Amino acid sequence: MPTETFEYQVEARQLLQLMIHSVYSHKDVFLRELVSNASDALDKLRLAALRDDAPDADTSDLHIEIDVDKDARTLTVRDNGIGMSYDEVGRLIGTIANSGTAEFLRELREAKDAGGAEGLIGQFGVGFYSGFMAADEMTLVTRRAGETQGTRWSSHGEGTYTLETVDEAPQGTAVTLHLKPADPENQLHDYTAPWKIREIVKRYSDFITWPIRMVPEQREGDDTTPEPETLNSMKALWARSRDEVSDDEYHELYKHISHDWRAPLETVRFQAEGTFEYQALLFLPEHASHDLFTQGHQRGLQLYVKRVLIMDDCEALLPPYLRFVKGVVDAQDLSLNVSREILQQDRHIRMIQRRLTKKILSAVKDMKANDAERYATFWREFGAVLKEGLITDTENREAICAVATFAGTHGDDRPTTLQEYVERMKDGQDDIYFITGESRQSIENSPHMEAFRAKDIEVLLLTDPVDEVWVDAVGEFQGKRLRSVAKGEIDLGTDAGKSDGEKEKQTEEYAGLLGWMKEHLDEDVKDVRLSSRLTVSPACVVSDTGDLTPALENMYRAMGQ
Ligand code: ADP
Ligand code: MG
């Protein structure tokens, strides 16, 4: 097949422009990205082999190798992992498939000033393309495990890339950077210097569980071929003692497994000893990915068995409402080729799930007690997901209630817990009142609020779609009913001055009007009643206690039900 030339898609081109012209001073992260990809490729191959999916693959001595050539000014990162087919190279390298990258670009566009953009690039690294921070040309030669033909990809990063098939290619992937000309002023960016490579690998990739090797330079006058040295300790972070691991190291692991470019908000680690031993290292991200509420969202933790990754996204380890949590569980006594279906049923996995859930909720509780700002970030990003747990996880309902906060009409604009609401309740108030809707503004000005405002009774302002559901499922808190201000009859005692006789008389007086209205609105309403809930507006629409609220009706309609 002849060499074919392809154009980058628009987003990829924008990203490449940023990389090529980057003056960012921490370009070193490109190596972390290439090593991270190589490590993923080795993981994928071993997983395939465990599942007997890669019969013709060579899985002996899986490793990563870094070669530098001072004279040619090239740096190559090679792995003998899963590799890519011709089509895959086009699909995976030529486009921006990674949702994290797409999200990054969105943020980059929002970071209007160039300074902000530089900062973001530095934190991120943007995967494969970050090589163009250090190189003016990149080539990649790859052969998919089990296939006979390889593929060569090459690009200067400006607009186009080429693809061709090659006959001679070792299994796996080799990425070669043709480094930008040396800067005599700045030795710091000399990526042909072995000390520099050692330093970067140690800093960003030490925990990678595959050996990362480098062949040292041949000494002048010495004919023996130098032995390759292994640059990383390969020690899993969760297997090292806590005070031996720095926050930075944890953060690098988080970035590697989550493909997030920011540091996590919180790190939770613990080990279980006894009959079923395991270690867990969990991270709460700082930002919700935009697909958190869609089917495609990658959920689940990495599951290792004695340091061997056996599943990349094990959903069984966490309940769905904690699907945003990232991390690793390493268990001692599981079979290496255990299937997803078996894990769902496994008693030990269920035990781990219960334990992890409690640990995470208690970490959130600590955060709430000790670091208001971080808690606020957490709740803004993940509150809507966590509230699903109020519906599905009755065992932990109390623990979730303890960390859940809501906007309310009282409490000086600070979100309130249900507990705080109850403590502020007025004498004689029996129920917890709430209103649901799409935005705070729309519900704050709702006619349903009038009587509550007049009587200075606090109302919770709930604006997440899930709110409609959990309030029903939970029903009450500490014996106080959760009641919608928009449903059913509500007696706030505004009629207290009037005797029953007076009310009856009033209803009789208005009977003609009410009857007439009912007749004309017959298609749209069940009943027309006199009400004491309004102070200014002449009328409002009220649902029956069991009816769907308008927002929920919209939600179900949107879901096609
Ligand atoms: P990400 O790693 O976040 O998915 P990258 O830009 O780093 O994004 O890589 C894009 C994709 O290219 C990867 O998801 C992977 O499928 C493929 N890829 C990159 N490097 C390798 C490699 N060394 N071996 C196999 N596939 C690779
Ligand atoms: Mg990557």
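Me: Let's count a residue as buried if 20 or more other C-beta atoms lie within 10 Å of its own, exposed if 12 or fewer, and partly exposed in between, with C-beta atoms placed from the backbone. What share of the residues of the protein counts as buried?

Reply: Happy to start there: this is a predicted model, where local features need pLDDT of at least 70, side-chain atom pairs count only at pLDDT 80 or more, and totals for chains, interfaces and linings use all residues. Residues are numbered from 1 along each chain as its sequence is written, while chains are lettered from A and ligands numbered from 1 in the order in which they are written. Of the 561 residues of the protein, the buried share is 32%.

Me: How many helices and strands does the protein have?

Reply: Both kinds of element are DSSP runs numbered from the N terminus, with at least four residues (H or I) for a helix and at least two (E) for a strand. On that count, the protein has 19 helices and 19 strands.

Me: What percentage of the contacts with a separation of 6 or more comes from residues 24 or more positions apart?

Reply: A contact here is a pair of residues whose C-beta atoms, placed from the backbone, lie within 7 Å. Among contacts with a separation of 6 or more, the part from residues 24 or more positions apart is 71%.

Me: Which strands stand at the edges of the open sheet of nine strands?

Reply: Two strands pair if DSSP finds at least two bridges between them. The order is E1-E6-E5-E4-E7-E3-E2-E8-E9, with mixed pairing. Each edge strand has a single partner strand, so one side of each is left without a neighbour in the sheet; these are E1 (4–7) and E9 (229–230).

Me: Over how many bridges do E4 and E7 pair?

Reply: E4 also has E5 (residues 150–155) as an antiparallel partner, joined by five bridges, and Met138 finds its bridge partner there in Ser155. On the E7 side, Glu137 stands opposite His178. Strand E4 (residues 135–143) and strand E7 (residues 172–179) pair in the antiparallel sense, and the number of bridges is eight.

Me: Which residue in the hairpin of E4 and E5 takes a positive phi?

Reply: E5 goes on to pair with E6 (residues 160–166) in the antiparallel sense over six bridges, with Ser154 opposite Thr162. Back in the hairpin, six residues lie between E4 and E5, and the one with a positive phi, near 95 degrees, is Gly146.

Me: At about what angle does H2 run to E3?

Reply: Axes are lines fitted to C-alpha atoms, for helices over the stretch in contact, and angles run from 0 to 180 degrees between N-to-C directions. Another helix, H6 (residues 194–205), lies across E2 and E8 and makes about 175 degrees with E8. H2 lies across E2 (64–69), E3 (74–79), E7 and E8 (212–214), and its angle to E3 is about 20 degrees.

Me: Which element gives the most to the shell around ligand 1?

Reply: The shell holds 17 residues (C-beta atom, placed from the backbone, within 6 Å), the closest being Asn37, Ala41, Gly127, Phe128 and Thr173. Two elements give two or more residues, H2 (29–50) and H3 (86–93). By type, the shell divides into seven nonpolar (Ala, Val, Leu, Ile, Met, Phe, Trp, Tyr, Cys, Pro), two charged (Asp, Glu, Lys, Arg) and eight polar residues (the others, Gly among them). With four residues, the element that gives the most is H2.

Me: Which are the edge strands of the open sheet of five strands?

Reply: The order is E10-E11-E14-E12-E13, again with mixed pairing. Each edge strand pairs on one side only, and the two are E10 (266–272) and E13 (308–314).

Me: How many bridges join E10 to E11?

Reply: Ala272 stands opposite Tyr278, and Gln271 opposite Gln279. In the hairpin of these strands, with five residues between them, Gly274 takes a positive phi near 115 degrees. E10 and E11 (residues 278–284) run antiparallel, and the number of bridges is seven.

Terms used:
Two residues are in contact if their C-beta atoms, placed from the backbone, lie within 7 Å.
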